[in-house]
Amino acid sequence: MMKRKKFLSLVLAVMIAITALAGCSGAKDGGDTTGTSNNDSNAGTSGNTEGEKTVITIWSKDRHDAKYIQEKIDAYNESNTDNVKVDYQLYTDNFQQAVDLAVLSDELPDILKLQDQVYNQYVNQGQWLDLYEYMDADMKEYFKDEVYSGINEIDGKLYYIPTCGTTGRLIYNKEIFARVGIENPPATMAEMVEDAKLITSTLSGEGIYGYAQHMKSASSALERSLDLQMERETGIKKGFDFKKGEYDFSGYEELLGYWTELLSEDCAFPGCESLDIDPLRTQFANGKIGMYISWTHSEPGVYRDQFPMDSEKWDAAPIPTASGVEAGKQNITFTSAYLINAQSKNTELAFKVYKEIFTSEDFLVGYHEGGYGVSIIPDIVAKAKLNDEIRDKKWLQMQDIDDVLPLTPQEANGQAVIVEGEDYYKTFETIYYGNADMTSTLQDLAERYNKAYKQGIEDGIGKEFKIENYDPMNP
Amino acid sequence: MKKVEMSKGYRKKSIKRQLEAYSFLLPNLILFILCSIYPVIWTLKYVFYQYGGIGTAAPKWVGLNNLIRVFHDEVYWLSVRNTFVYGFGKVLIIIPLAFFLALLLSRQTRWNGMAQSMVFLPTIMSSAVMGLVFYLLFNAYNGEINQYLMNLHIIDAPINWLGKKHAMKTLVITAIWGGVGNYMVYFIAGLQQVAKDALESARIDGAGAVKTLWYVTIPMMGPILKIILMLSITSAFNDITNVMVLTEGGPNNATMVMALYGYKYFFPISASESVISQYGYGAAVSVISAVIAGLVTVLYLRASKKLDDIY
């Protein structure tokens, strides 16, 4: 009896250990997968066959277009004759970490939504499929204007086709502007500060303020505003001067001076330093904010669905620059593109799925019309019937001031430019919210960035970026 | 002296017993090694490397560079200072408050049970929800706290609670609200351990409520108070969710604490941010932070030795 008890105890102990360890190893799916997936199959099971069907897995990080894409995928799953089932999965949190783990365990899905850091991190490791291998002549011709050497085309290989893009604009409340007698949106920073002061001084009694920006996250706020201002003003992108082939932040001085004024009590909405973008949008929709800067692709949807606002009341305009002089184009960030896993067991099938779903005219027109993204393909823009929200707001579309700029060394490979100390967004914070001396801080910033850039080259991780004849107006 | 030899049967039994004991210990031991020892060794190893994580270049040996960099990193030392302000600010208020609430609500009545649940509720609430609620309460523009204070004529103009000047105070208030229930429960458990006969004899000797509390209850709670204080200090040093949700360490690093500063070299602080991971430097920051937290704990344990002496 005793022996049996001991034996049972031992078995139980071993079982506890195994169960605990199995629990520790975790599910492969990742806890934050949110459920648009059609089945319960593990994430990234490239080439799994479900019954007779071949499963092609797609990972996305975006929730805003998930419903639209799922509908298209459902239709494709019903109509395709290749016996393919597409499994669409959302990884809205920690997409990058999920991809890293999937690469490590060889469980990357067949198709992934583009995320710049993920793309750049693995592009030199043969992780992404060269689309040229499968593209026919018609497809190459159709998307020829979406090929950007050094960005999506590297060494003659095309890794993704961007179909939508975004850039920053000044979003302003027409009613508030009219109330204080401002006829046109500001074109220079001096005008912007003046307008913001006028609105705040005239209407703050009613809780209306001239300017707001979600400064809780400096990088989130400044990459859609200050970065683009600098690009148009000087051709410098994220502190990098392509002509000189080095980082130079001295040109930011004038702009940062205006930003300090803009974020002062005389102009800004109270509590901007702890404001997130959604609370800001709520107050804008409530008519309490005169203007702010944000992305072209997101705001129409926000004011149509999330925080409803009469479309007549707001509009978009180019972001003001310090001098008003246009010396360069402002960058377009790609918002919709897909990568195909070159290690997938079904690359040909994955490409076919990608081509039939994501590059079809029907999909692209519907995507643009639905306001899920701003198409950068002129043919699609011409064919789409836009809703009022976008149609009447010229500056929500891509214009002459916008273009795709080359990648800076840090964008191309973050690990090649490891900067000691705070990044430039956080450093700017010490200027506009702190008492840091502007000139010496910007000089120190350039030194830190250039030191890191050179170190990366020395270590063989990075490479030199210098474009001798770089023309910011024709990047 | 003659050695006493164990009989074969006894030795066999003893080995079996030991095996049995170790087999029960084994699961925990394996988990402890995997989940505690291994990460610590991993962290210690990467202190000496420059490494960007999976999919990046192979780790590069940098010797003591990461540690030297920490000592020159002004923002890190600001975060250490902020951690002390946050930690001690929280502990100094939360402990007396939790003790007071425990005294008030320790008697088993229906009302007290309900009140205990109310005070304890924030402990089990999601930090993200808490952060959002506190943003709505404290935001400078239309936060309810400002509205109440203005209605009561305590302030004339709204206070920017989440601005550079007041953000740390707001964080401490949030932390107290979120944690006081937890410590209250510890204190209630401690109060129930106080010997009833000691309280009874104090009462017979004519001691009033205050004297009984001061000379009998508090001294007798010494050992548990020591543990509660230690827990509150160590948790205050590692508390990042509260900071992450409410201020993300800002404005201008005014609320950056050392645990969050280490975290940001591994993961993005918010969904809208991307991160260029620096595992080596993050590991160095974490190790130095752990040493600081360890030193504070050791100093505290030395200073609080007296609390072990029960009268």
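Me: How many residues does the contact take from chain B and from chain A?
Reply: Please note first that this is a predicted model. The contact takes 40 residues from chain B and 38 residues from chain A.

Me: Which helix gives the most to the side of chain B that touches chain A?
Reply: That is helix α1 of chain B, residues 8–46, which gives nine residues.

Me: And how do the residues on that side of chain B divide?
Reply: On the side of chain B that touches chain A, 17 are nonpolar, 16 are polar and seven are charged.

Me: Changing topic: at what angle do the axes of α18 and α19 of chain A cross?
Reply: The axes of α18 (residues 424–432) and α19 (residues 438–458) of chain A cross at roughly 170 degrees and come within 10 Å. Angles over 145 degrees count as roughly antiparallel, and α18(A) and α19(A) are therefore roughly antiparallel to each other.

Me: Which residues meet there?
Reply: From α18(A), A:Tyr424, A:Thr427, A:Thr430 and A:Ile431 meet A:Met438, A:Thr441 and A:Leu445 of α19(A). This contact of α18(A) with α19(A) divides into four nonpolar, three polar and no charged residues.

Me: Now α14 of chain A. Which of its residues are buried?
Reply: In α14(A), residues 361–369, A:Leu364, A:Tyr367 and A:His368 are buried. They line one face of the helix, because they fall within an arc of 95 degrees seen down the axis of α14(A).

Me: What covers the buried residues of α14(A)?
Reply: The cover includes α2, β8, β16, β18 and α15 of chain A.

Me: Which residue with a positive phi follows α14(A)?
Reply: A:Gly371 follows α14(A), with a phi near 75 degrees.

Terms used: Residues numbered from 1 in each chain as written. Chains lettered and ligands numbered in written order. Predicted model: local features only at pLDDT ≥ 70, side-chain atom pairs only at ≥ 80, totals over all residues. Contact = placed C-beta atoms within 7 Å. Helix = DSSP H or I, 4+ residues; strand = E, 2+ residues; numbered from the N terminus. Nonpolar A, V, L, I, M, F, W, Y, C, P; charged D, E, K, R; others polar. Axes fitted to C-alpha atoms, helices over the stretch in contact; angles between N-to-C directions. Parallel < 35°, antiparallel > 145°, perpendicular 65-115°, else oblique. Buried ≥ 20, exposed ≤ 12 C-beta atoms within 10 Å, placed from the backbone. Arc of directions from axis to C-beta.
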